[in-house]
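Work through the exercises below with the sequence and the structure at hand. Each task is followed by its solution.

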Amino acid sequence: MGQDRLPILILTGAFTTIYVSMNSIGFACVIALAGALARLSKNGPAFTVATFYISFFRGTPLLLQVFDAGRITDSKGRTNDLRHALFV
């Protein structure tokens, strides 16, 4: 009974993956364009913020950024591991 729904589930998963990927790429392009324009700006604060942002993300390893994104903070300021909250 469950195998007859398998193609629908796979197709739904594929469309969801494409949808999330396209939205993420669009959002990343907007952030990158804003950072690039701020970096070329003669406005001091915009240049400083953009330079810090770009240097921070280029200077830290991607694996460290992924692990840090997996941490959440509750309302009392305690940091919990998202993987632990989801899978335990």
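The exercises concern a predicted model and cover helix packing and aromatic rings.

**Exercise 1.** Describe how helices H1 and H2 pack, and classify the angle between them.

Solution. Two packed helices are described by the angle between their axes and the distance between the axes. H1 spans residues 6-40 and H2 spans residues 44-59. Their packing angle is about 130°, and the axes lie 8 Å apart. An angle over 145 degrees would count as roughly antiparallel, and 65 to 115 as roughly perpendicular. H1 and H2 are therefore oblique to each other. The crossing of H1 past H2 is left-handed.

**Exercise 2.** List the residues through which H1 and H2 meet, and sort the contact by class.

Solution. On the H1 side, the residues are Ile-31, Gly-35, Ala-38 and Arg-39. On the H2 side, they are Ala-46, Phe-47, Ala-50, Thr-51, Tyr-53 and Ile-54. By class, the contact has seven nonpolar residues, two polar residues and one charged residue.

**Exercise 3.** Find how many aromatic pairs the whole structure holds, then classify the pair Phe-56 and Phe-57.

Solution. The search of the whole structure gives three aromatic pairs. In the pair Phe-56 and Phe-57, the ring centres are 5.1 Å apart and the planes stand at 85°. Planes over 60 degrees apart count as edge-to-face, so this pair is edge-to-face. Phe-56 and Phe-57 belong to one aromatic cluster with Phe-52 and Tyr-53.

**Exercise 4.** Decide whether Phe-56 and Phe-57 are buried, partly exposed or exposed.

Solution. Buried means under 20% relative accessible area, and exposed means over 50%. Phe-56 has 41% relative accessibility, so Phe-56 is partly exposed. Phe-57 has a relative accessible area of 38% and is also partly exposed.

Technical notes
Residues are numbered from 1 along each chain as its sequence is written. This is a predicted model: local features need pLDDT of at least 70, side-chain atom pairs count only at pLDDT 80 or more; totals for chains, interfaces and linings use all residues. Side-chain values use heavy atoms; hydrogens and water are left out. Axes are lines fitted to C-alpha atoms, for helices over the stretch in contact, and angles run from 0 to 180 degrees between N-to-C directions. Helices (H or I, at least four residues) and strands (E, at least two) are DSSP runs, numbered from the N terminus. Angles under 35 degrees count as roughly parallel, over 145 as roughly antiparallel, 65 to 115 as roughly perpendicular and the rest as oblique. A crossing is left-handed if the near helix is turned anticlockwise from the far one by less than a right angle, and right-handed if clockwise. Contact means heavy atoms within 4.5 Å. Ala, Val, Leu, Ile, Met, Phe, Trp, Tyr, Cys and Pro count as nonpolar, Asp, Glu, Lys and Arg as charged, and the others, Gly among them, as polar. Rings of Phe, Tyr and Trp (its six-membered ring) pair if their centres lie within 6.5 Å; planes under 30 degrees apart count as stacked, over 60 as edge-to-face and the rest as tilted. Buried means under 20% relative accessible area, exposed over 50%, partly exposed in between (1.4 Å probe, protein chains only).
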